[in-house]
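Me: I would like to learn how to read a protein structure. Please take me through it one feature at a time.

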Amino acid sequence: MGDTVRIATSLLAFGLLATSASAETKTFNDVSVVDVACSKNVAADADSHTRECALKCKESGFAIVTADNHVLKLDADGNAKILEQLKASDKADHLRVNVSGDVEGGTLKVTSIKLL
């Protein structure tokens, strides 16, 4: 009985480690950033999305649109960082960033982001 419990505990611990290690760190260079509310509608032509709209819809959060038109939402930290940069910018559209972080499902846990 004791061996069975140890084996089960080991398997459970290994499964938890494997789950937390499933995040994949990625870097995306020169990708579009849009607000989440508009992301599906503008993914095909994200460069036309305006800064004014992104700031107006900021409560929905922000996302990047990858080269293959895949939308990845930014985490809360990434949202705060890009909001600050968008507010300080005078770009009207063609909002692009370099961003790095861990991809977990459809969310990017941002470690760094820079508006270009």
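Me: What share of the contacts in the chain between residues at least 6 apart in sequence joins residues at least 24 apart?

Reply: Contact means heavy atoms within 4.5 Å. Of the contacts in this chain between residues at least 6 apart in sequence, 66% join residues at least 24 apart. The model is a predicted one, in which local features need pLDDT of at least 70 and side-chain atom pairs count only at pLDDT 80 or more, while totals for chains, interfaces and linings use all residues. Residues are numbered from 1 along each chain as its sequence is written, and side-chain values use heavy atoms, with hydrogens and water left out.

Me: How many helices and strands does the chain have?

Reply: Helices (H or I, at least four residues) and strands (E, at least two) are DSSP runs, numbered from the N terminus. Here there are four helices and five strands. Read from the N terminus, the order of elements is α-β-α-α-β-β-α-β-β.

Me: Which strands pair, and in what sense?

Reply: Two strands pair if DSSP finds at least two bridges between them. In this chain β1 and β4 run antiparallel and are joined by seven bridges. Within that pair, Glu-24 stands opposite Val-103, and Thr-25 stands opposite Asp-102. β1 also pairs with β2 in the antiparallel sense, over four bridges; there Asp-35 faces Phe-62 of β2. Eight bridges link β4 and β5, again antiparallel, with Val-97 bridged to Leu-115 of β5.

Me: How much of the chain is buried?

Reply: Buried means under 20% relative accessible area, exposed means over 50%, and partly exposed is in between (1.4 Å probe, protein chains only). By that rule, 38% of the 116 residues in the chain are buried. For area, the Shrake-Rupley method is used with a 1.4 Å probe, and for residues only the protein chains shown count as cover. The chain exposes about 7,000 Å², 55% of which is supplied by carbon and sulfur atoms.

Me: Which residues have the most contacts inside the largest nonpolar core?

Reply: A nonpolar core is a set of buried Ala, Val, Leu, Ile, Met, Phe, Trp, Tyr and Cys residues joined through side-chain atoms within 4.5 Å. The largest one here has 20 residues, and Ile-64, Ile-82, Val-97 and Val-99 have the most contacts inside it. At least two of its residues come from each of β1 (24–35), α3 (51–56), β2 (62–65), β3 (71–74), α4 (76–88), β4 (96–104) and β5 (107–115). β5 supplies the largest share, four residues. Another core lies apart from it and has ten residues, including Val-34, Val-36, Cys-38 and Val-65.

Me: What is Val-99 in contact with, leaving aside its neighbours within four places in sequence?

Reply: With those neighbours left aside, the contacts of Val-99 are Lys-26, Thr-27, Phe-28, Val-31, Ile-64, Leu-108, Val-110, Ser-112 and Ile-113.

Me: How do I read a helix such as α4?

Reply: Start with its length. The expected span of a helix is 1.5 Å times one less than its number of residues. α4 has 13 residues and reaches 19 Å from its first C-alpha to its last, close to the 18 Å expected. Then look at its sides. Gly-78, Asn-79, Ile-82, Leu-83 and Leu-86 are buried in α4. They are on the same side of α4 because they cover an arc of only 130° around the axis, the arc being that of the directions from the helix axis to the C-beta atoms. These buried residues pack against β1, α3, β2, β3, β4 and β5. The face turned away from the buried side carries the exposed residues Glu-84, Lys-87 and Ala-88.

Me: What should I look for in phi?

Reply: Most residues other than glycine have a negative phi. Asp-30, in strand β1, has a positive phi near 55° and is partly exposed, at 42% relative accessible area. Asn-69 lies in the loop between β2 and β3, with a positive phi of about 65°. Asn-69 is partly exposed, at 41%. A glycine, Gly-105, takes a positive phi near 65° in the hairpin of β4 and β5, which has two residues between the strands.
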